[in-house]
Amino acid sequence: MEYLKQREEEELELDEPVSPTGQYFNSSVLSISILCILESEVPIDDSLTMPLLKDVFLPINPRFSSLMVEDKNGVKQWKRVEVKLKDHINIPIFPAGLSPESYHGYFDDYLSEIAMKEFPQSRPLWEIHIIKYPTSNSAGNLVFRLHHAMGDGFSLMGALLSCLQRADNPNLPITFPSFRVSSNLDSAKSIMKAVPRALSTAFNTVSDLGWGILKSTVVEDDRTPIRSGDPGVRFRPISIATISFSLDNIKKMKAALGVTINDVVTGIIFFGTRLYMQSMDHASRNANSTALVLLNTRVISGYKSLKEMRKSDHVSSQWGNQFAFLHVSLPELVDDKFTDPLDFVAKAQQIIQRKRNSLAVYLTGRLLETLRKYRGPEVTAKYIHTTLKNSSMTISNMIGPVEQVALANHPCRGMYFMVVGPPQSLTITMVSYMGKLQIAVGTEKGFIDPRKFNACIEDAFHRLFEAALGTPPPPIS
């Protein structure tokens with residue numbers, strides 16, 4: 001008995017505490033999940049599903065085999081359990097003999113349905129959906145649905161990539177565009193220990209922190225064609241539509257304008273969003289609208305292996321949720337200022353650059369930690385809920401593979417992801433893959449017209465490309 005008691009205590013010690021952000025995202029007021037969609041180039045054979053999940057997916061991270069539970073002190077922990085894989089696999093049945101276009105409609109409705117569902121807390125917070133019907137874009141679709149409490153996009157993308165191989169040669173490593181994400185977190189700490197390097201940094205910090213607190217408490221965006229402001233918006237059905245742009249064309253715009261790829265992409269999104277707002281309600285072209293832009297706070301030069309992320313002592317490469325929000329006001333679409341659409345990109349770049357040159361991201365993180373320490377995770381989750389609810393949209397992006405990848409010998413024609421569950425009418429996500437930027441637009445069903453919105457994004461891209469290079473862009477494939 002003493003031995004069993006000792007073993008029990010040792011097992012309890014092995015349980016991993018749930019991160020503060022993980023607790024916020026799985027609370028009474030927030031339940032945020034991520035849908036990762038792989039578009040298969042060939043019809044899906046599901047015979048390898050069980051061994052793939054058992055031998056490849058589950059070993060990636062203990063959280064895929066864990067429940068979120070509370071200990072006797074009320075502290076949430078990840079508790080290892082035996083996983084019943086069949087409970088996590090879903091293969092929907094649609095009517096037989098339909099066209100790919102019709103199945104595309106069924107698939108869209110199915111995504112909307114699973115996006116609304118909350119995870120049962122009695123089993124690990126993930127599931128897989130195998131759609132074995134051809135759509136307009138693919139011969140079948142594989143959907144990973146994972147709770148955001150388990151990790152952010154960087155962590156979960158790393159997990160997904162551990163299941164994939166290069167389609168041309170599985171023995172070669174998957175490669176990514178060279179990139180480096182700088183962290184305001186580390187630079188903020190060094191600056192906080194010294195005299196501020198510039199008065200503008202101090203001013204921007206005070207201004208951005210104050211504005212962020214106001215936006216997270218009492219100041220709401222205007223109700224517009226992209227923000228219904230309905231208190232129950234997170235329970236409303238959503239539509240998910242995609243659009244893609246050539247990364248080569250975006251790089252041409254970057255070179256012509258002397259800005260970053262992120263500046264170009266953000267300019268396209270902001271400009272297209274304002275065009276949509278104007279087309280639906282002319283007055284809303286100048287409405288007060290804010291985007292929450294997600295920043296990865298790791299200092300990285302590429303994706304780490306899952307083993308590195310789990311074992312590394314350095315915060316920059318750890319598994320989990322390590323990101324922050326930037327409040328970015330959408331530039332107004334005023335005739336005399338934006339007759340040249342490039343002015344819109346310049347204005348968007350100026351706003352984001354100013355936000356990056358402040359310590360507000362670091363101080364906001366400290367504020368959330370203080371709030372959690374003295375008021376508890378539920379109160380902090382309500383604060384984050386209000387931050388999301390009071391803004392108009394969220395934008396996040398990830399870097400994807402350069403080469404085509406395959407899952408169990410199923411080449412992926414495309415991939416995209418969507419964050420579901422936030423109390424907003426509009427969410428935009430982006431991932432690069434095979435030389436394209438794949439954009440997914442999640443919209444409140446019946447409130448935002450997804451086809452018209454995407455048409456406005458395309459229009460913004462065409463206008464900006466022609467203004468930057470003096471020639472129309474090639475057709476969007």
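In this predicted model, Glu444 and Arg236 meet through their side chains in a salt bridge, with 2.9 Å from N to O. The pair links distant parts of the chain, 208 residues apart. Glu444 lies in strand β16 (residues 436–444), and Arg236 lies in the loop between α7 (199–215) and β9 (238–246). Glu444 is buried, because its relative accessible area of 3% falls under the 20% limit. Arg236, at 34% relative accessibility, counts as partly exposed.

Side chains of opposite charge can pair when their charged atoms come close. In the whole structure, 14 salt bridges are found. Three of them are set out here.

| Salt bridge | N to O distance | Relative accessible area |
|---|---|---|
| Glu444 and Arg236 | 2.9 Å | Glu444 3%, Arg236 34% |
| Asp168 and Arg166 | 2.8 Å | Asp168 53%, Arg166 12% |
| Arg372 and Glu369 | 2.5 Å | Arg372 25%, Glu369 31% |

Asp168 and Arg166 form a salt bridge whose closest N and O atoms are 2.8 Å apart. Asp168 is exposed, with 53% relative accessible area, whereas Arg166 is buried at 12%. Both residues belong to a network of salt bridges that links Arg166, Asp168 and Glu403.

Arg372 and Glu369 are both in helix α12 (residues 360–375). They are 3 residues apart, which means that about one helical turn separates them. Their salt bridge brings the closest N and O atoms to 2.5 Å. Arg372 is partly exposed, with a relative accessible area of 25%, and Glu369 is also partly exposed, at 31%.

For the cysteines, a search of the whole structure returns 0 disulfides. Cys163 counts as buried at 9% relative accessibility, and Cys456 is buried as well, with a relative accessible area of 10%.

The next topic is nonpolar packing. In soluble globular proteins, nonpolar side chains tend to be buried together. The largest nonpolar core in this model has 53 residues. Those with the most contacts inside this core are Leu38, Phe57, Phe64, Trp126, Phe144, Leu146 and Leu164. Helix α5 (residues 153–161) gives the most to the core, contributing 5 residues. A second, separate core holds 47 residues, including Ile243, Phe344, Ala348 and Ile448.

What does Leu38 touch, leaving aside residues up to four places away in sequence? Its contacts include Leu142, Phe144, Leu160, Leu164, Leu407 and Met415. Gly140, Asn141, Cys412 and Gly414 are also touched by Leu38. Two of these partners, Phe144 and Leu164, are named with Leu38 among the residues with the most contacts inside the largest core.

One sheet remains to be described. Strands of a sheet pair through backbone hydrogen bonds, either parallel or antiparallel. Here 3 strands form an open sheet in the order β1-β4-β3, with antiparallel pairing. The edge strands are β1 (16–17) and β3 (66–70), because each of them pairs on one side only. Strand β3 is joined to β4 (residues 76–80) by 5 bridges, and the two strands run antiparallel. Across this pairing, Leu67 stands opposite Lys79 in β4.

Key: Residues are numbered from 1 along each chain as its sequence is written. This is a predicted model: local features need pLDDT of at least 70, side-chain atom pairs count only at pLDDT 80 or more; totals for chains, interfaces and linings use all residues. Side-chain values use heavy atoms; hydrogens and water are left out. Helices (H or I, at least four residues) and strands (E, at least two) are DSSP runs, numbered from the N terminus. A salt bridge is a side-chain nitrogen of Lys or Arg within 4 Å of a carboxyl oxygen of Asp or Glu. Buried means under 20% relative accessible area, exposed over 50%, partly exposed in between (1.4 Å probe, protein chains only). A disulfide is a pair of cysteine sulfur atoms within 2.5 Å. A nonpolar core is a set of buried Ala, Val, Leu, Ile, Met, Phe, Trp, Tyr and Cys residues joined through side-chain atoms within 4.5 Å. Contact means heavy atoms within 4.5 Å.
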